[in-house]
Amino acid sequence: NSKRKWSLQDFEIGKPLGKGKFGRVYLAREVKSKYIVALKIIFKEQLEKYRIHHQLRREMEIQTSLRHPNILRLYGWFHDSERIFLILEYAYGGELYNELRKHGHFSEEQAATYIASLTTALAYCHEKHVIHRDIKPENLLLDHEGRLKIADFGWSVQSRSKRHTMCGTLDYLAPEMVENKAHDYAVDNWTLGILCYEFLYGAPPFESESQSDTFKRIMKVDLSFPSTPNVSMEARNLISRVTICIGYEKSWSNSIEASC
Ligand SMILES: Cc1cc(Nc2nc(/C=C/c3ccccc3)nc3cc(N4CCN(C)CC4)ccc23)n[nH]1
């Protein structure tokens, strides 16, 4: 039950599963129920050093409030003098990223299954006015049935009410508010197109030697499809529609607003 006060004594810590930027994740077992969880341990001094209190608090509030089969559960948390502990659902299948590396690329059926799961999970988040903003293979886990789980809501935000993009209302908005418009749901939808490409081809579409080249290719939506692996025309159309349309839609709406 999520109201219960947890402490370190309630858990037996197992092997380390991975080391993130701000904390390590361990396999753990709740002593009484023998229930297996993943325990994410973050040092408070790291929070101070990187000033990420608000981000962690947001991650915890958001992930606790979300209930969806394709979103990793945050069951609760506790802290001691120097650490914060997040009690997370344990996904038995491991990181989707490793599956992708192991197979090189997914079949269209497998890719379609993952994209469908991501789409329903993101639609659910957007209904709750949550934008994840950091969907990438590294943040995707698989459960014991191979079902996709979105983890790590560290970069997600509670979005402001979606403002009308009619010219009039922009007049009264402070510059910083107008700038924030970039953070609307299209950020996550765009990523779906990128992931669809990466699942089918094994690498993201705008990958380049340098960051600046990647940035240029993204801004130009410079999308090209290699001849191998052989990807169906329907899949390529879907990727084009999701990335190119959203890419141009963003610049189009900016130009409308700019022309006001
Ligand atoms: C939060 C969480 C993780 C998790 N499960 C797993 N996480 C990570 C790696 C985790 C990680 C964490 C931080 C930074 C990098 C990686 N690796 C895992 C590897 C697993 N296996 C078992 C299946 N094998 C095929 C591959 C290795 C199983 C679960 C894993 N469930 N819930």
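Residues are classed here as buried under 20% relative accessible area, exposed over 50% and partly exposed in between, with a 1.4 Å probe and protein chains only. The model is predicted: local features need pLDDT of at least 70 and side-chain atom pairs pLDDT 80 or more, whereas totals for chains, interfaces and linings use all residues. Residues are numbered from 1 along each chain as its sequence is written, and side-chain values use heavy atoms, with hydrogens and water left out.

The protein has nine helices and ten strands; these are DSSP runs numbered from the N terminus, helices being H or I of at least four residues and strands E of at least two. Of its 260 residues, 40% are buried. The protein exposes about 14900 Å², 56% of which is supplied by carbon and sulfur atoms; accessible areas come from the Shrake-Rupley method with a 1.4 Å probe, and for residues only the protein chains shown count as cover. With contact defined as heavy atoms within 4.5 Å, 61% of the contacts between residues at least 6 apart in sequence join residues at least 24 apart.

A search of the whole structure finds twelve salt bridges, each a side-chain nitrogen of Lys or Arg within 4 Å of a carboxyl oxygen of Asp or Glu. D80 and R83 form one of these, with their closest N and O atoms 2.8 Å apart. D80 is partly exposed at 23% relative accessibility, and R83 is partly exposed at 21%. In R147 and D143, the closest N and O atoms of the salt bridge are 3.1 Å apart. R147 is partly exposed at 35%, whereas D143 is buried at 5%. Salt bridges with shared partners also join D80, E82 and R83 into one network.

The side chains of E59 and K40 meet in a further salt bridge, at 3.4 Å from N to O. E59 belongs to helix α2 (residues 53–65) and K40 to strand β3 (residues 36–43), so this pair ties together parts 19 residues apart in sequence. E59 is buried at 6% relative accessibility, and K40 is buried at 15%.

Three strands form an open sheet in the order β6-β8-β9, with antiparallel pairing; two strands pair if DSSP finds at least two bridges between them. Strands β6 (94–95) and β9 (148–150) are the edges, each pairing on one side only. Strand β8 (residues 140–142) is joined to β9 by three bridges, and L141 stands opposite K149 in β9. Helix α4 (residues 108–127) packs on the sheet, touches β8 and β9, and makes an angle of about 35° with the direction of β9. Axes are lines fitted to C-alpha atoms, for helices over the stretch in contact, with angles from 0 to 180 degrees between N-to-C directions.

L96 lies in helix α3 (residues 96–103) and is buried at 0% relative accessibility. Beyond its neighbours within four places in sequence, L96 has contacts that include F106, Y114, L141 and F199.

Helix α8 lies largely in the open, because the number of buried residues among its ten is one. M219 lies in this helix (residues 211–220) and is exposed at 55%. Just after α8, V221 takes a positive phi of about 50°.
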